[in-house]
Amino acid sequence: MALQVAVCGPARCGESEWDLAHELGRLLAERGAVVICGGHGGVMAAVAAGARSRDGVVVGILPGADRSGAGPDLSVAIATGLGQARNSVIVHSGDAVVVVGGSWGTLSELALAMRRGGVPVVQLGDGWRLVDAEGRQVPGVRHARTPAEALDLTGLWA
């Protein structure tokens, strides 16, 4: 079975997040991984476009009860009817979780991935930095500056 990597990020993103996600998708496809994402715009659209540019497989886990609004670069669109609870399906479907950027939905995915445990969680680029009450970075989330570094930090291709 192919490796599956969940990629999470905001539905609206800037150019730098778009570029990071697009390159990440391209690299994942080149390594034969299936991309799992939320299936809509922003980071989700960028990672899907990057993967499809290399004939990769992209599965979109949609919040609605139908496939309306699904991104054009998805290989498969799964309508869940779960709303934001679909975030749990996304993070539980990956052999690793890569988070690009930050939004409230992205924070929920990051938290769910950390609560899940057992899989690497990588923050790519600028986004959420979790700290404890003393301002120390919370351990567990790995931080990468480039898509290649993010994939290396997953350890899936070691």
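Tutor: Contact here means heavy atoms within 4.5 Å. This is a predicted model, in which local features need pLDDT of at least 70, side-chain atom pairs count only at pLDDT 80 or more, and totals for chains, interfaces and linings use all residues. Residues are numbered from 1 along each chain as its sequence is written, and side-chain values use heavy atoms, with hydrogens and water left out.

Student: How many helices and strands does the chain have?

Tutor: Helices (H or I, at least four residues) and strands (E, at least two) are DSSP runs, numbered from the N terminus. Along the sequence they follow the pattern β-α-β-α-β-β-α-β-α-β-β-α. The chain has 5 helices and 7 strands.

Student: Which radius of gyration does the chain have?

Tutor: The radius is taken over C-alpha atoms, and the globule rule is 2.2 Å times the number of residues to the power 0.38. For 158 residues, a compact globule would have a value near 15 Å, and the chain agrees with this at 14 Å.

Student: Which residues touch the most other members of the largest nonpolar core?

Tutor: A nonpolar core is a set of buried Ala, Val, Leu, Ile, Met, Phe, Trp, Tyr and Cys residues joined through side-chain atoms within 4.5 Å. Buried means under 20% relative accessible area, exposed over 50%, and partly exposed in between (1.4 Å probe, protein chains only). In the largest core, which has 26 residues, the members touching the most others are Val-7, Leu-24, Leu-28, Val-98, Val-100 and Leu-124.

Student: Where in sequence are the residues in contact with Leu-124, leaving aside its neighbours within four places?

Tutor: Leu-20 and Leu-24 are among these contacts. Others include Val-98, Val-99, Val-100 and Gly-101.

Student: Is Gln-123 buried or exposed?

Tutor: Gln-123 has its place in strand E6. Not counting residues up to four places away in sequence, Gln-123 touches several residues, including Val-99, Leu-110, Trp-128 and His-143. Because its relative accessibility is 0%, Gln-123 counts as buried.

Student: What distance separates the C-alpha atoms of Ala-29 and Arg-52?

Tutor: Ala-29 is found in helix H1, and at 12% relative accessibility Ala-29 counts as buried. Leaving aside neighbours within four places in sequence, Ala-29 is in contact with Ala-51, Arg-54 and Gly-56. Ala-29 and Arg-52 are 23 residues apart along the chain, and their C-alpha atoms are separated by 7.5 Å.
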